Number of protein chains: 2
Amino acid sequence: MDASLLTITPGAAEPIYRQIVEQLRRMITSGQLPPGESLPSVRDVAGRHAINPMTVSRAYSLLEGEGLLERLRGMGMVVAATRRARPAGERMSLLEPRLHDLARAARELELPASRVLRRLGELLEDGE
Amino acid sequence: MDASLLTITPGAAEPIYRQIVEQLRRMITSGQLPPGESLPSVRDVAGRHAINPMTVSRAYSLLEGEGLLERLRGMGMVVAATRRARPAGERMSLLEPRLHDLARAARELELPASRVLRRLGELLEDGE
DNA sequence: CCATGTGTATCAATACAACAATACACATAG
DNA sequence: CTATGTGTATTGTTGTATTGATACACATGG
């Protein structure tokens, strides 16, 4: 995997290490990063995004703790062999909290459901 | 306005004062809280949710800085008289960041747009 | 005047994130 | 063996954010 595929925003409210964790978790869960795929080295990611190597290492370690990554000593990190892409229903559950937040915000803003759905539809198509 | 209308989750990642700020901002922007409507006292909110009065005060002060609230000295806070409900287009922009985050997460999870939209549709209807 | 109700200024405590600079253990290429 | 590449443990520092405790200024009702 190329280090440039990670989107990192140092100024954001969400801490950097968690941005990395959640992004990789999603890409592994979907199978976008297949088992055996090797990840960019911590120094590579750190250098390219001008962040501290230990911050990247922290993210990798957390994912190893989840069983999503495996550590090959002396070599890099790799997507765990046992980790296959999960079915859509399971992936969907990772989206649920965000969906609930969005729904609540839309309700408090008294926005018509049709308008929210239409806009989201646009954004979902643009990305592909 | 009743203090119990606020939904506060002390354990959440989002800080308490910001939960209050964003919630009230949405309710004022939509007109759900009309100009002149008085807000619950800081001690009322704090007592009911077991949080510190200063945390509530901080939220109120930020909203006063935005021009959404007015301070009546010695008495409480009130929705600013000049603050009318905003048109839907403007309210929509408050939702944009959340929509982008959601779209990105869905893309990384490789979830079909139809499924995401369907689920959001359900959640939007349940709330009303 | 006094009791009670507002919001808040001030200071302190705590937690967290990120960085910096090493040093170490391991594996591979030469 | 050596050089270079992995990840990581360690220690310390810095900056910031969040929350809390206390005391104060103001307004109103009695």
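## Contacts with DNA strand D and the relation of the two chains

A polar backbone atom of B:Asn52 lies 3.1 Å from a phosphate oxygen of DNA strand D. This is a predicted model, in which local features need pLDDT of at least 70, side-chain atom pairs count only at pLDDT 80 or more, and totals for chains, interfaces and linings use all residues. Side-chain values use heavy atoms, with hydrogens and water left out.

The polar contacts listed below are pairs of N or O atoms within 3.5 Å.

| Protein atom | Atom of DNA strand D | Distance |
|---|---|---|
| B:Asn52, polar backbone atom | phosphate oxygen | 3.1 Å |
| A:Arg43, polar side-chain atom | base nitrogen | 3.2 Å |
| A:Ser61, side-chain N or O atom | phosphate oxygen | 3.3 Å |

B:Asn52 is also one of the residues that come nearest among the 23 around DNA strand D; a residue is near the strand if one of its heavy atoms lies within 4 Å of it. Of the atoms of DNA strand D that come within 4 Å of the protein, 66% belong to sugar and phosphate. Nine nonpolar, eight polar and six charged residues form the surface near DNA strand D, where Asp, Glu, Lys and Arg count as charged and Gly is among the polar residues.

Chain B can be laid on chain A with an RMSD of 0.2 Å by a turn of 180° and a shift of 0.1 Å along the axis, the superposition being by least squares on the C-alpha atoms of residues with pLDDT of at least 70 in both copies. That is the relation of a two-fold axis. The C-alpha of chain B nearest the axis belongs to B:Leu117, 3.2 Å from it.

Conventions: Residues numbered from 1 in each chain as written. Chains lettered and ligands numbered in written order. Polar contact = N/O pair within 3.5 Å; in protein donor to acceptor, adjacent residues only side chain to side chain.
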